[in-house]
Amino acid sequence: MRQHRRTLRLLGSLLLVAMAASVTGAAPAPQASPTPLDRIVPAPASADPGGSPYRITRGTHIRVDGSRETRAVGEYLAKILRPSTGYRLPVTAQGAGGIRLRLAAGPFGAEGYRLDSGRGGVTITAARPAGLFHGVQTLRQLLPAAVEKDSVQPGPWLVAGGTITDTPRYGWRGAMLDVSRHFFTVEQVKRYIDQLALYKINKLHLHLSDDQGWRIAIDSWPRLATYGGSTEVGGGPGGFYTKADYREIVRYASSRHLEVVPEIDMPGHTNAALASYAGLNCDGVAPPLYTGTEVGFSSLCAGKEITYDFVDDVIRELAALTPGRYLHIGGDEAHSTSHEDYVKFMDRVQPIVAKYGKTVVGWHQLTGATPAKGALAQYWGLDGTSAEEKARVVKAAQGGTGLILSPADRVYLDMKYTKETPLGLSWAGYVEVKRSYDWDPGAYLPGVPGAAVRGVEAPMWSETLENSEHIEFMTFPRLPGVAELGWSPAASHDWERYKGRLAAQAERWEALGIEWYRSPQVPWGAGGG
């Protein structure tokens with residue numbers, strides 16, 4: 001009996017040691033195979049494996065140069081790694097080895113980077129801070145998915161040996177969030193920003209006004225937010241961002257190297273504004289607030305001078321809040337505006353955007369007027385959009401208008417996956433994961449010069465979406481594919497190879513607490529939930 005008790009005590013002691021080791025990292029963890037360099041999403045421009053892996057340990061430091069921007073990226077990385085590893089990971093400008101972030105001249109462009117990994121450490125080199133940040137996203141994916149958890153995990157934390165050299169195909173890799181049909185709080189928007197950053201998205205397009213709600217405070221027209229922002233689809237309480245709220249979204253996005261592109265949709269999609277100020281209506285009568293989902297019934301009055309005073313004030317205040325280069329003026333589904341009035345309106349409004357130092361972005365209907373020099377048109381048509389409409393967009397592109405590609409039956413994230421999908425709409429058809437990935441932005445509109453395609457963007461309209469879980473379910477797993485279309489070389493796009501890399505992402509989403517759709521088109525593994 002004494003021997004039995006002694007054996008139990010010994011087993012108990014061994015168990016306590018094992019538990020302590022998993023928490024403190026004091027004892028060696030079992031060996032594991034690191035994630036191969038070519039398994040990340042978006043696919044890197046080149047990945048050359050070789051040499052021993054690097055192992056993050058209790059003694060690892062994050063080395064940065066003397067710049068404030070590099071230190072910020074280093075602190076961001078440390079904040080991700082510390083909870084799961086349990087290590088201090090000090091960020092320092094001293095010493096050698098460990099994880100090193102450095103700015104240096106090289107063929108990286110504004111967002112490219114090189115990641116070198118070996119037994120002695122990991123070095124991420126870039127010409128600009130955005131490149132370092134994108135390199136950090138690659139490093140995250142090279143580590144086990146458990147690195148994303150907010151409690152200590154056992155590891156080991158291995159980074160495969162070799163070199164990744166990476167630059168994006170396009171400079172515009174965007175995601176749009178409609179906060180007008182349903183309002184989302186600052187914290188919900190921040191959560192989405194973090195998810196976008198993981199896949200090297202660099203533009204956050206915020207749809208700030210529509211028939212159902214006006215979401216940004218404008219001091220010179222206060223009822224836009226307090227009255228026009230007081231509802232949403234279905235009649236909920238709505239909401240709006242104060243200027244401080246909006247600045248915080250912009251600041252947070254900038255810290256993740258995303259540029260905020262605000263949109264005020266006009267001359268259509270304006271019922272919230274028309275309800276707030278009667279004088280904006282041609283007949284001087286304010287309509288009631290609207291909580292439905294129909295489109296095309298509202299219009300600013302192109303023939304009244306107060307309209308342009310209103311637009312000038314809104315753009316002036318919004319431009320002052322927005323450090324980015326772009327301001328989106330909508331322009332879609334203006335069915336209640338005559339063609340003559342639409343052209344007149346756009347001829348008046350585009351110079352106002354330029355007056356306040358911003359570049360015009362509009363939905364592709366802008367090409368039915370005369371796009372301003374340097375303007376970008378965002379194409380949201382379908383594969384089956386009329387030849388005439390496509391020809392107008394192609395002609396504008398040939399004349400110098402840049403294009404952002406957002407074909408609705410490919411990358412509208414609010415489209416249902418299948419007819420059984422409980423959320424979303426289906427007016428553009430059903431958009432499963434393969435369909436959202438399996439197309440080439442550079443060849444989508446024949447006749448468009450390659451240089452005219454500035455990138456891709458995945459819009460998320462919110463008629464049926466009420467919370468972060470809804471947003472995530474419709475975003476994942478489609479968004480990573482759109483990000484890859486925007487980042488990776490065209491030659492790397494291959495569905496059969498991609499779906500395996502995508503399947504491996506599911507464990508990371510689980511670790512991050514992200515809701516996602518288990519598409520039957522993707523070979524999810526046991527770790528994918």
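Guide: Start with α8 and α9, whose crossing is right-handed. A crossing gets that name if the near helix is turned clockwise from the far one by less than a right angle, and left-handed if anticlockwise. Residues are numbered from 1 along each chain as its sequence is written. The model is predicted: local features need pLDDT of at least 70, side-chain atom pairs count only at pLDDT 80 or more, totals for chains, interfaces and linings use all residues, and side-chain values use heavy atoms, leaving out hydrogens and water.

Helix α8 spans residues 305–321 and helix α9 spans residues 339–355. Their axes come within 10 Å and cross at roughly 30°. That angle makes α8 roughly parallel to α9 (under 35 degrees is roughly parallel, over 145 roughly antiparallel, 65 to 115 roughly perpendicular, the rest oblique). Axes are lines fitted to C-alpha atoms, for helices over the stretch in contact, with angles from 0 to 180 degrees between N-to-C directions. The elements are DSSP runs numbered from the N terminus: helices are H or I with at least four residues, strands are E with at least two.

Now the contact itself, meaning heavy atoms within 4.5 Å. From α8 come Glu-305, Thr-307, Tyr-308, Val-311, Asp-312 and Ile-315. They meet Lys-344, Phe-345, Arg-348, Val-349, Ile-352, Val-353 and Lys-355 in α9. By class, the contact of α8 with α9 has seven nonpolar, one polar and five charged residues. Nonpolar covers Ala, Val, Leu, Ile, Met, Phe, Trp, Tyr, Cys and Pro; charged covers Asp, Glu, Lys and Arg; the others, Gly among them, are polar.

Next, α4 and α6. Helix α4 (residues 186–197) packs against helix α6 (residues 243–255) at an angle of about 15°, with axes 10 Å apart. The two are therefore roughly parallel to each other. This crossing is right-handed. On the α4 side are Val-186, Val-189, Lys-190, Ile-193 and Asp-194. On the α6 side are Asp-245, Glu-248, Ile-249, Arg-251, Tyr-252 and Ala-253. The contact of α4 with α6 divides into six nonpolar, no polar and five charged residues.

His-257 sits in the loop between α6 and β14. His-257 has a positive phi of about 60°, although it is not a glycine. A cis peptide bond joins Met-266 to Pro-267, with omega about 5°. Another cis bond runs from Val-41 to Pro-42, with omega near -5°. Pro-42 is in the loop between α1 (2–24) and β1.

One more helix pair: α2 (residues 68–85) and α3 (residues 129–142). Their axes come within 9 Å and cross at roughly 15°. That makes α2 roughly parallel to α3. The crossing of α2 and α3 is right-handed. Helix α2 contributes Glu-69, Thr-70, Val-73, Tyr-76, Leu-77 and Ile-80. Helix α3 contributes Pro-129, Leu-132, Phe-133, Val-136, Gln-137, Leu-139 and Arg-140. The contact of α2 with α3 counts nine nonpolar, two polar and two charged residues.

Now the sheet. Seven strands form an open sheet with mixed pairing, in the order β1-β9-β6-β7-β5-β3-β4. Two strands pair if DSSP finds at least two bridges between them. At the edges are β1 (46–49) and β4 (91–92), each pairing on one side only. Strand β5 (residues 98–103) pairs with β7 (residues 121–126) in the parallel sense over six bridges. There, Ile-99 has Val-122 in β7 as its bridge partner. β7 also pairs with β6, antiparallel, over five bridges. A hairpin joins β6 to β7 through two residues. Gly-118 stands opposite Gly-121 in β7. β6 (residues 113–118) in turn pairs with β9 (residues 162–166), antiparallel, over five bridges. Gly-162 in β9 is the bridge partner of Ser-117.

Last, the aromatic rings. The model has 26 aromatic pairs. Rings of Phe, Tyr and Trp (its six-membered ring) pair if their centres lie within 6.5 Å; planes under 30 degrees apart are stacked, over 60 edge-to-face and the rest tilted. One of the pairs is Tyr-412 with Trp-461: tilted, 6.3 Å centre to centre, 45° between the planes. Tyr-412 lies in the loop between α11 (408–411) and α12 (433–437), and Trp-461 in the loop between β19 (453–460) and α13 (468–475), so the pair ties together parts that are 49 residues apart in sequence.
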